[in-house]
Amino acid sequence: MKTMESSPLSGDKHAPILQLRRLSVGIGERRFCRDLDLTLRPGERLAILGRNGTGKSTLLSVLTGLRAPLTGEVHLAGRPYAAFSARQAAQLRGWLPQAQRDAFASTVLETALIGRHPHLDRWNWETEDDVRIARTALTAVGLDGMERRDVQTLSGGERQRLAVATLLAQSPRLFFLDEPSTYLDLKHQIAVLEIFAREARERQAAVVMVLHEPALAARFCDRALLMYGDGCVDTGSIAEMLTAERLSALFEYPLARTECGGYAGFIAQ
Ligand SMILES: Nc1ncnc2c1ncn2[C@@H]1O[C@H](COP(=O)(O)OP(=O)(O)OP(=O)(O)O)[C@@H](O)[C@H]1O
């Protein structure tokens, strides 16, 4: 691989990929979390749940290193963001934002290839290998055959799947996903979340995802972080966190838990 800088990864494959130490995040007078400690290891999948406006995206922007915390530290592979160049950080963590913006015309394949940029050296173009990786990612999200289409002509769901493909082409060790099921029909919601479950299982990638649907969190994550919007949060295993009682309090709406075919569901009463 053509990297100018040394790999940002340490040798220990089981070492924590993300560590939060006494992290406080907020905007103005509001606090979304206070003194949060959390460790995520390779292969783990964490769901972040909470009502609208409780600070989920703001927390995610701090975890991705795009926004500073009020206090506390975010460590990626054992080191703070300041220890990495932008390119090294992008080899380690990738981010799927809530909305995609396309200021310029570009094809589907060119857009997916943007995911390869952290792996290119400054003076080189993408190689055949990069094109193959981008095409494989497009196939994974069902966009094969659309490589030449202008991104500005894609539907909302197609554009979201292209964003997922771009992230897959980037191939980071840690994924931050802000509402990955946005714009997707039921089949594609499951398909996209299966992709990240596979990344965790087969490549030991860690995944942090903001979700609005607790049933998807129960199915695709092993841990949850519940955000109440007043600085209070709860963290724990899915079994511990996704109870009808906790979720009813979290969403300020009564929910009942059901189970069908081995999958949990949460029904508004
Ligand atoms: N630049 C800003 N200035 C003032 N308030 C802001 C700013 N950015 C976000 N907020 C507020 O901070 C709160 C948290 O926003 P955030 O986007 O993190 O919430 P969220 O939990 O991701 O919400 P949603 O579920 O609706 O996506 C919201 O009330 C929002 O209006």
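Residues 18-254 of the chain are 36% helix and 24% strand. Their end C-alpha atoms lie 33 Å apart. Helices (H or I, at least four residues) and strands (E, at least two) are DSSP runs, numbered from the N terminus. UniProt places "domain: ABC transporter" at residues 18-254, in an unreviewed entry; such annotations may be inferred rather than shown by experiment.

This is a predicted model: local features need pLDDT of at least 70, side-chain atom pairs count only at pLDDT 80 or more, and totals for chains, interfaces and linings use all residues. Residues are numbered from 1 along each chain as its sequence is written.

Turn to the ligand. I27, G28, G50, N52, G53, T54, G55, K56, S57 and T58 surround the ligand, each with its C-beta atom, placed from the backbone, within 6 Å of it. Helix α1 (residues 56-63) gives the largest share of this shell, three residues. By class, the shell has one nonpolar, eight polar and one charged residues.

Now follow helix α5, residues 156-170. Its 15 residues reach 21 Å from first C-alpha to last, close to the 21 Å expected (1.5 Å times one less than the number of residues). Is α5 largely enclosed or open? Because 12 of its 15 residues are buried, α5 is largely enclosed by the rest of the structure. Buried means 20 or more other C-beta atoms within 10 Å of a residue's own, all placed from the backbone. Among the buried residues are E158, R161 and L168. The buried residues of α5 pack against α2 (86-92), β6 (93-96), α3 (108-113), α4 (128-140), β7 (174-178) and α6 (186-203), with contact meaning C-beta atoms within 7 Å. Just after α5, S171 takes a positive phi of about 55°.

Technical notes
Contact = placed C-beta atoms within 7 Å. Nonpolar A, V, L, I, M, F, W, Y, C, P; charged D, E, K, R; others polar.
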